[in-house]
Amino acid sequence: GECLPHHDYARVFLAALSSARDGDVRAPDALRHRVMETLRAAGDYWRRAGEEPRLIDVAVLGGTASIDLARLDEAETALGAAVAAARSLGDRARAGRALAGLARTLFWRGQYADAELTLKAIDRQGAGEAEAIAGASLEAVIAVGTRNLDLAVSRGTEALISALAGDGAAWGNRHRRAPERHRRRGFPLP
């Protein structure tokens with residue numbers, strides 16, 4: 001098909017993913033197809049442009065979409081490849097995002113110890129506020145899985161305090177509907 005600028009791919013992808021995350025049940029197969037086609041097109045675009053870092057971003061987005069669509073094998077494959085590619089480029093930020101997605105995949109598989117090890121492999125040096133909050137939140141969830149409730153409470157508290165001290169309003173608005181979405185989809189709350 002015709003090549004669109006990368007921001008158009010991102011807009012289509014985010015709209016489709018947003019609909020999926022908000023529980024759009026009108027046509028889940030068509031929606032999944034639209035998301036995956038958009039990701040394939042974005043990957044083709046960046047491959048032709050020779051932009052390996054952007055290909056890593058697409059792999060992370062694809063892995064994240066696969067987690068949200070409960071396609072954990074696809075997520076693990078995409079995110080594992082993204083980790084390897086980011087490490088080969090020495091890109092710590094992209095490797096960290098891919099590792100966080102991989103840890104989330106392992107969590108949903110019930111492989112809590114592996115998820116914890118994967119999360120510990122993230123180089124957090126220079127991480128932004130949002131990444132630090134997301135990391136602490138993910139650590140808290142995984143700690144519940146490993147039955148380390150002291151760590152879960154401390155990391156959860158750390159994430160909450162950081163969110164409220166920083167841009168807590170934006171964080172809260174983004175996540176306040178998460179429990180409702182999870183219930184509608186039949187997922188247990190992480």
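Which residues does Ile142 touch, not counting residues up to four places away in sequence? Select Ile142: its partners are Ala103, Phe107, Tyr112, Ala115, Glu116 and Leu119. Contact here means heavy atoms within 4.5 Å.

Before moving on, note that this is a predicted model, where local features need pLDDT of at least 70, side-chain atom pairs count only at pLDDT 80 or more, and totals for chains, interfaces and linings use all residues. Residues are numbered from 1 along each chain as its sequence is written, and side-chain values use heavy atoms, with hydrogens and water left out.

**Next stop: the core**

Select Ile56, Val60, Leu79, Leu119 and Ile142. These have the most contacts inside the largest nonpolar core, which has 22 residues. Such a core is a set of buried (under 20% relative accessible area, 1.4 Å probe, protein chains only) Ala, Val, Leu, Ile, Met, Phe, Trp, Tyr and Cys residues joined through side-chain atoms within 4.5 Å. Now colour helices α3 (52-68), α4 (72-89), α5 (92-109), α6 (112-120) and α7: each supplies at least two residues of this core. Helices are DSSP runs of H or I, at least four residues, numbered from the N terminus. The most comes from α5, with seven residues.

**Last stop: α7 and α8**

Show α7 (residues 129-145) and α8 (residues 149-165). Their axes, lines fitted to C-alpha atoms over the stretch in contact, come within 8 Å and cross at roughly 155°. The two helices are therefore roughly antiparallel (over 145 degrees). Look for Ile133 and Ala140 in α7, and Leu151 and Ala159 in α8, all among the residues that meet here.

Notes: Axes are lines fitted to C-alpha atoms, for helices over the stretch in contact, and angles run from 0 to 180 degrees between N-to-C directions. Angles under 35 degrees count as roughly parallel, over 145 as roughly antiparallel, 65 to 115 as roughly perpendicular and the rest as oblique. Buried means under 20% relative accessible area, exposed over 50%, partly exposed in between (1.4 Å probe, protein chains only).
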